[in-house]
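Have a look at it first.

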Amino acid sequence: MIDPVEEFKKHAGDVVPLPTAVPGNTPIYQTASATGHRALWVVFVIMLLSSLAFYIMAFRVPVQKRLFHILTAFITTFATLSYYAMAVGDGVGKNKITIKHTEKHFPDTYDVIYREVYWARYVDWSLTTPLLLLDLCFLAGLNGASIVVAVVADIIMILTGLFAAFTVDESPKWGWYAMACIAYLVVIYQLALNGRQVAMQKNKKTATFFAAIGGFTLILWTIYPIIWGIADGSRNINVDSEIIAYAVLDILAKPVFGFWLLFTHDNMSDSASIEGFWANGLGKEGTLRVGDDDEGA
């Protein structure tokens, strides 16, 4: 006869113990700490001071030679506004990510993550990176068609990055990311190939300078999607680390780039001089005429 007590003892180890805590009940908030907020304020001050310096530099040269000064000052001005918005908490949203956990013998559980996404950063990039591209394109002497292609590809790159940052599902997110990378390849083509070829047709000093500052810019811009991939993409680094990484890149790509461009360009003997509407407004060259001037009434 089978003893039920003994049988229970034999099979007691086969019973899977119930968990004492069920994961996924408490949302996880990935937000910036005081360190991240201090970094945002520091960059805001750097961008503000750089903007003031660029405007002062602009007023020290004739209006015909202010094209690069104005474009560069606008770059850091938009960045100043963006970093102020992020620092005071107005340029940030939260992306809700739900992660499903499947365990044998147990119901599915879910982790809900709310991660801060600084959308003001993407607004900044959508305005400043086209301006920065214009600096480089004008320096190289690219034609209008190539400039339009580069700028449009750049805007597509930024917008798809923004869509990816707020996309909940993993597959569509990395789809947007792939589109952004393809658009970036178009930018690289226009600068590294077309831009370099055109710049080499100018004097050696301009060609060498374009190769240096263009290469510097493309290296920095290549790091941006890497940071995105380990931050907003896979969430392998926290929000503070993301803020600091982007802060360093933005300082190098905007104020450092700007001072390098303006100081070097101002010292070139053949620096660009623009007349016409840029310097003189709608004068005689820009007026609309009906008929010939020498026609009688």
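Predicted model: local features only at pLDDT ≥ 70, side-chain atom pairs only at ≥ 80, totals over all residues.

Numbering runs from 1 along each chain as its sequence is written, and side-chain values use heavy atoms, with hydrogens and water left out.

The chain has nine helices and three strands; those are DSSP runs, H or I of at least four residues for helices and E of at least two for strands, numbered from the N terminus. Reading from the N terminus, you get α-β-α-α-β-β-α-α-α-α-α-α. Of the 297 residues, 40% are buried, meaning under 20% relative accessible area with a 1.4 Å probe, protein chains only.

Now the first pair. Helix α3, residues 67-87, packs on α4 at an angle of about 165°, and their axes are 9 Å apart. Axes here are lines fitted to C-alpha atoms, for helices over the stretch in contact, and angles run from 0 to 180 degrees between N-to-C directions. That makes α3 and α4 roughly antiparallel, which is the word for angles over 145 degrees. The α3 side of the contact includes L67, F68, L71 and F78, and on α4 you find, among them, L127, L131 and L134; contact means heavy atoms within 4.5 Å. By class, that contact of α3 with α4 splits into 16 nonpolar, three polar and three charged residues. For the classes, Ala, Val, Leu, Ile, Met, Phe, Trp, Tyr, Cys and Pro are nonpolar, Asp, Glu, Lys and Arg are charged, and the others, Gly among them, are polar.

What about α4 and α5? Helix α4 is residues 119-140 and α5 is 144-166, and they pack at about 160° with their axes 9 Å apart. So α4 and α5 are roughly antiparallel too. Among the residues touching here are W119, W125 and L133 of α4 and I147, I155 and F166 of α5. This one, α4 with α5, has 16 nonpolar, three polar and one charged residues.

Last stop: H265, which sits in helix α8, residues 239-266. Is H265 buried or exposed? It's buried, with a relative accessible area of 5%. H265 and T206 are 59 residues apart in sequence, but 8.7 Å apart in space, C-alpha to C-alpha.

Note on methods
Parallel < 35°, antiparallel > 145°, perpendicular 65-115°, else oblique. Buried < 20%, exposed > 50% of the residue type's maximum accessible area, 1.4 Å probe, protein only.
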